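Let's take a walk through this model together, stopping at a few residues and a few helix contacts along the way.

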Amino acid sequence: MHCLLVLIDLLAVLLPQNLNKLNNFSYSAWKRRQPTSLPPSPNKRSALKSRCLLTTVQKAYKRSWKFHQDPEHPYTLEELKVVTEDSIEVNDKISNVRVTFTPTVEHCSLATTIGLCLRVKLMRSLPSHYKVDIRVAPGTHATEAAVNKQLNDKERIAAALENPNLMYMINRCLEPTYYY
Amino acid sequence: MELLDGELELRVIQKLEGHTDRVWGLAWNPAATGVTGMLASCSGDKTVRIWQKGPSGSWDCSAVLEDTHARTVRSCAWSPSGKLLATASFDGTTAVWEHVGGEFECVATLEGHENEVKGVSWNASGSLLATCARDKTVWIWEAQPGNEFECVSVLQGHTQDVKMVQWHPFLDVLVSVSYDNSVKVWTEDGDDDWHCVQTLGEASSGHTSTVWALSFNSVGDRMVTCSDDLTLKIWDTSQNPSETSGDGCGSWSHLCTLSGYHDRTIFSVHWSREGLIVSGAADDAIRLFTESKDSLVDQPSYKMLVKKEKAHDMDVNSVQWNLKEPRLLASASDDGTIKIWELSEVSK
């Protein structure tokens with residue numbers, strides 16, 4: 001999850017309004033990739049921006065991984081496939097972000113908590129009008145549908161975030177020193 | 001009902017600002033008449049605001065009901081007389097406020113639910129109040145003299161969070177909708193013996209995800225429900241459920257599903273006196289639907305009349321038609337604002 005948080009930090013910084021500043025975009029790398037599963041952007045420029053965003057963000061996460069390692073898992077997150085190429089899908093035309101995360105263990109009881117942390121991180125990082133969908137990667141969790149339903153029920157999330165104990169834990173997880 | 005023949009549009013009359021967090025619910029006072037309409041709104045900022053139309057014609061906040069609820073106020077409902085306002089909160093309580101002169105006073109606090117109370121509704125006569133919560137139960141309270149409320153029944157049956165409760169416009173029949181994807185119909189068997197007479201689930205052509213809200217039409221023979229499954233469903237509610245033969249078959253049935261119009265969760269739906277259905281969704285839009293002219297008696301069809309995109313900057317949580325002026329609409333959003341709209345024909 002740590003690297004997804006780094007990803008989100010970068011996502012906030014690299015929002016469409018800042019994309020013009022990027023000039024190390026690799027066109028050949030872009031061409032090689034498959035289209036996202038979100039509704040297609042209405043024009044090629046917007047699709048380019050989304051892809052560009054994702055590529056740059058992924059490069060950044062690979063760099064940051066050198067400085068941090070999850071002590072429980074000696075493998076890299078890439079080897080574990082916790083963060084895959086499709087982890088963050090952005091459609092800035094409709095201000096949509098979809099985050100897909102893979103819990104390391106199929107019965108991971110922390111899946112809902114991880115998802116909640118991701119939601120809070122996204123809420124704090126993105127402009128308020130962005131629509132965010134969070135889900136566990138298909139086929140990676142025993143109660144996938146139940147977890148996804150909870151993570152995307154706005155009212156349940158709002159009520160959970162009014163719980164001071166839960167918020168304390170989430171804030172600790174999201175402290176920059178914790179994952180940088 | 002034959003409506004306007006021309007093209008319709010929703011025009012903003014005013015944007016009401018004041019709440020400091022998302023606005024979850026709205027309720028028009030049924031008694032307020034003439035130029036002085038009254039609207040109650042409840043919010044994540046733990047307060048309830050009362051808005052009134054002043055002599056100048058603009059809406060102003062005439063009261064802020066605060067320091068009572070400790071958490072988000074999720075839902076509010078006026079009693080049929082318009083003198084009492086019930087407010088449901090995530091703090092597990094339901095407060096009842098009395099409106100005397102321009103002032104509001106909290107006259108009762110209903111406790112009992114184990115966690116967040118999500119919905120509250122008064123029956124047609126104002127003698128009963130229903131509340132629902134994340135504890136999967138629906139409670140029925142009887143209004144007694146001196147603003148006392150006694151719990152007469154705790155209804156169990158839903159397997160998940162109950163999102164909203166609503167009484168039939170004139171029968172003492174209660175409907176609840178839930179995170180468990182079902183709609184349940186409850187009636188009394190005489191002597192405070194309430195039970196579920198019908199469950200409209202996936203097997204009855206019901207919703208396939210959380211059902212967020214319901215609304216009856218003015219005569220009570222139709223009901224519309226909205227869901228996270230991106231559809232609106234219309235139900236035939238013409239039979240009185242209390243009079244069913246009791247063979248297990250419920251008397252209400254699915255009539256029609258409106259799909260393909262919404263692409264994000266629909267949080268609120270309301271049926272106007274003139275037969276217009278309004279929906280508020282997570283895509284920031286407000287949509288209006290009506291029964292189409294070529295609708296058949298046993299196979300009614302509905303069509304979308306108006307789609308107001310970007311009605312708000314964020315999710316629309318509640319949409320409510322004014323009860324006296326059927327072309328006036330209020331909407332509440334995550335953006336912390338309330339908008340008053342007027343439905344009118346586009347001037348040619």
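## A buried isoleucine in chain B

B:Ile286 is found in strand E24 of chain B, a strand that covers residues 286-291. This is a predicted model, and everything below should be read with that in mind. B:Ile286 has a relative accessible area of 0%, so it counts as buried.

What does B:Ile286 touch, once residues up to four places away in sequence are not counted? The partners are B:Leu10, B:Val278, B:Ser279, B:Val306, B:Lys307, B:Lys308, B:Ala311, B:Val316, B:Val319, B:Leu329, B:Ser331 and B:Trp341. As for B:Ser318, 32 residues separate it from B:Ile286 in sequence, and the two C-alpha atoms are 9.8 Å apart in space.

Next comes B:Lys163, which sits in strand E14 (residues 162-167) of chain B. Is B:Lys163 buried or exposed? Its relative accessibility is 2%, and because buried means under 20%, B:Lys163 counts as buried.

The contacts of B:Lys163, leaving aside neighbours within four places in sequence, reach into chain A, where they include A:Asp153, A:Glu155 and A:Arg156. B:Lys310 is 147 residues from B:Lys163 in sequence, with 25 Å between their C-alpha atoms.

## Two exposed residues of chain B

B:Glu105 belongs to strand E9 of chain B, residues 103-110. With 52% relative accessibility, B:Glu105 counts as exposed. Not counting residues up to four places away in sequence, B:Glu105 touches B:Val96, B:Trp97 and B:Glu98. Its C-alpha atom lies 8.4 Å from that of B:Leu65, a residue 40 places away in sequence.

B:Ser347 is in the segment after strand E28 (338-345) of chain B. This serine is exposed too, with a relative accessible area of 69%. Between the C-alpha atoms of B:Ser347 and B:Ser176 there are 41 Å, and along the chain these residues are 171 apart.

## Positive phi in two loops

Here is a pair of backbone details to look at. Most residues other than glycine have a negative phi. B:Lys136, however, has a positive phi near 75°. B:Lys136 is placed in the loop between strand E11 (128-133) and strand E12 (138-144) of chain B, and with a relative accessible area of 38% it is partly exposed.

B:Leu230 also has a positive phi, near 70°. Its place is the loop between strand E19 (222-227) and strand E20 (232-236) of chain B. B:Leu230 has a relative accessible area of 27% and is partly exposed.

## Chain A as a whole

Now over to chain A, which has nine helices and three strands. Read from the N terminus, its elements follow the order α-α-α-α-β-β-α-β-α-α-α-α. Chain A has 180 residues, of which 48% count as buried.

## Helix H5 and its two partners

How do H5(A) and H6(A) pack? Helix H5 (residues 111-125) and helix H6 (residues 144-151) of chain A have axes 10 Å apart, at an angle of about 30°. Angles under 35 degrees count as roughly parallel, so H5(A) and H6(A) are roughly parallel to each other. Their crossing is right-handed. H5(A) brings A:Ala111, A:Thr112, A:Gly115, A:Leu116 and A:Arg119 to meet A:Val147, A:Gln150 and A:Leu151 of H6(A). By class, the residues of this contact are four nonpolar, three polar and one charged.

H5(A) also packs with helix H8 (residues 164-173) of chain A, at an angle of about 70° and with the axes 10 Å apart. These two helices are therefore roughly perpendicular to each other. From H5(A), the contact is made by A:Thr113, A:Leu116, A:Cys117, A:Val120 and A:Arg124. H8(A) supplies A:Leu166, A:Met167, A:Met169, A:Ile170, A:Asn171 and A:Cys173. The residues of this contact divide into eight nonpolar, two polar and one charged. A:Leu116 of H5(A) takes part in the contact with H6(A) and in the contact with H8(A).

Key:
Residues numbered from 1 in each chain as written. Chains lettered and ligands numbered in written order. Predicted model: local features only at pLDDT ≥ 70, side-chain atom pairs only at ≥ 80, totals over all residues. Heavy atoms only, no water. Axes fitted to C-alpha atoms, helices over the stretch in contact; angles between N-to-C directions. Helix = DSSP H or I, 4+ residues; strand = E, 2+ residues; numbered from the N terminus. Parallel < 35°, antiparallel > 145°, perpendicular 65-115°, else oblique. Left-handed = near helix turned anticlockwise from the far one by under 90°. Contact = heavy atoms within 4.5 Å. Nonpolar A, V, L, I, M, F, W, Y, C, P; charged D, E, K, R; others polar. Buried < 20%, exposed > 50% of the residue type's maximum accessible area, 1.4 Å probe, protein only.
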